[in-house]
Amino acid sequence: MSAQTPVSSRIASRPRQLALALGHAESFAREDFLAGPGNAAALALIESWPDWPSRALALIGPEGSGKTHLATIWAAAAGARVVSADKIGAFDIPGMLATGTLVIEDAGVTTDERALFHLLNLAREEQAYLLFTARVVPSAWQISTPDVVSRLRAMPTALLQAPDDALLRGVIVKLAADRQLILDDSVVSYLASRIERSFAAARAAVVALDQEALRRGRSPSRALAAELFRDGG
């Protein structure tokens with residue numbers, strides 16, 4: 001290669017390191033749940049069990065807002081089984097309620113209505129506790145059976161809202177730690193100021209920064225973050 005070859009061409013000609021798609025386990029332990037104004041009420045409700053206002057509750061919030069983390073905390077404390085709402089029809093209803101406690105994740109869109117009807121009836125008969133997670137309130141779930149609709153409308157809910165500045169920064173640090181990354185304060189501050197104020201956006205930003213750093217063989221620095229997110233996305 002001649003000395004006159006542009007620097008950009010020399011960089012482009014270098015072999016690019018491939019980022020391996022390695023799994024990263026996210027911690028759902030109680031000590032790793034980051035509380036803030038937007039989720040304090042939901043956390044208090046989970047930790048008040050079994051002194052709930054009803055035996056069936058729903059955690060409502062957008063993707064990545066912490067619903068699964070809170071549900072996992074409760075499941076560990078209550079000995080609850082965890083099932084996906086779109087799979088409840090594939091399981092034995094009495095078996096799901098064997099411990100007297102059950103988490104139903106992602107309710108509302110593809111929930112088996114007939115199975116939900118039987119689940120609610122048996123849970124009421126056996127005085128079992130149910131914890132639902134969903135992105136929308138129960139009254140907006142795609143359910144048409146009148147008896148089920150009326151019970152869903154009466155179900156107490158806890159809303160998880162967008163994080164404030166401090167919580168968003170804490171979430172970024174936690175997600176990075178889950179991926180065995182240590183981010184400088186300047187990197188955390190930069191990301192928090194450039195991304196949408198949501199847990200999902202924080203997760204996507206940390207994953208993108210980690211993968212790009214691995215691909216380039218560099219540390220996840222503020223300079224690298226600026227290259228990726230200078231335009232806010």
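User: Helices (H or I, at least four residues) and strands (E, at least two) are DSSP runs, numbered from the N terminus. In which strand is Asp 106 found?

Analyst: This is a predicted model, in which local features need pLDDT of at least 70 and side-chain atom pairs count only at pLDDT 80 or more, while totals for chains, interfaces and linings use all residues. Residues are numbered from 1 along each chain as its sequence is written, and side-chain values use heavy atoms, with hydrogens and water left out. Asp 106 is not a glycine, yet its phi is positive, near 60°. The run that holds Asp 106 covers residues 101-107, and this run is strand 3.

User: Is Asp 106 buried, partly exposed or exposed?

Analyst: Buried means under 20% relative accessible area and exposed over 50%, with partly exposed in between (1.4 Å probe, protein chains only). The relative accessible area of Asp 106 is 47%, so this residue counts as partly exposed.

User: Where is Gln 127 found?

Analyst: Gln 127 is a residue other than glycine with a positive phi, near 55°. Its relative accessibility is 45%, so Gln 127 counts as partly exposed. In the chain, Gln 127 belongs to the loop between helix 5 and strand 4.

User: Which residues does Asn 121 touch, not counting residues up to four places away in sequence?

Analyst: Asn 121 is part of helix 5, residues 113-126. Its relative accessibility is 18%, so Asn 121 counts as buried. Contact means heavy atoms within 4.5 Å. Leaving aside residues up to four places away in sequence, Asn 121 touches Asp 147 and Arg 151.

User: How many aromatic pairs are there?

Analyst: Rings of Phe, Tyr and Trp (its six-membered ring) pair if their centres lie within 6.5 Å; planes under 30 degrees apart count as stacked, over 60 as edge-to-face and the rest as tilted. Under this rule, the number of aromatic pairs is five.

User: Of what kind is the pair of Trp 49 and Tyr 129?

Analyst: The ring centres of Trp 49 and Tyr 129 are 5.6 Å apart. Their planes stand at 80°, so the pair is edge-to-face.

User: How many residues apart in sequence are the parts that the pair of Trp 49 and Tyr 129 ties together?

Analyst: Trp 49 lies in the loop between helix 2 (40-47) and strand 1 (56-60). Tyr 129 lies in strand 4 (residues 129-134), so the pair ties together parts whose separation in sequence is 80 residues.

User: What is the angle between the planes of Phe 132 and Trp 141?

Analyst: Phe 132 is buried, with a relative accessible area of 1%, and Trp 141 also counts as buried, at 5%. Their rings form a tilted aromatic pair, 5.5 Å centre to centre, with an angle between the planes of 55°.

User: Which residues form one aromatic cluster with Trp 49?

Analyst: Trp 49 is joined to Pro 50 by a cis peptide bond, with omega about 10°. Pro 50 lies in the loop between helix 2 and strand 1. The residues that form one aromatic cluster with Trp 49 are Trp 52, Trp 74 and Tyr 129.

User: How are helix 2 and helix 3 directed relative to each other?

Analyst: Two packed helices are described by the angle between their axes and the distance between the axes. Helix 2 and helix 3 (residues 67-78) have axes 10 Å apart and pack at about 15°, where axes are lines fitted to C-alpha atoms, for helices over the stretch in contact, and angles run from 0 to 180 degrees between N-to-C directions. Angles under 35 degrees count as roughly parallel, over 145 as roughly antiparallel, 65 to 115 as roughly perpendicular and the rest as oblique. Helix 2 and helix 3 are therefore roughly parallel.

User: Which residues in helix 3 meet those of helix 2?

Analyst: Helix 2 contributes Ala 42, Leu 43 and Ile 46. On the side of helix 3, the residues are Leu 70, Ile 73 and Trp 74.

User: What covers the buried residues of helix 10?

Analyst: Helix 10 (residues 222-229) holds Leu 228, which is partly exposed at 27% relative accessibility. The buried residues of helix 10 are Leu 224, Ala 225, Ala 226 and Phe 229. Their cover includes helix 8 (185-194) and helix 9 (199-216).
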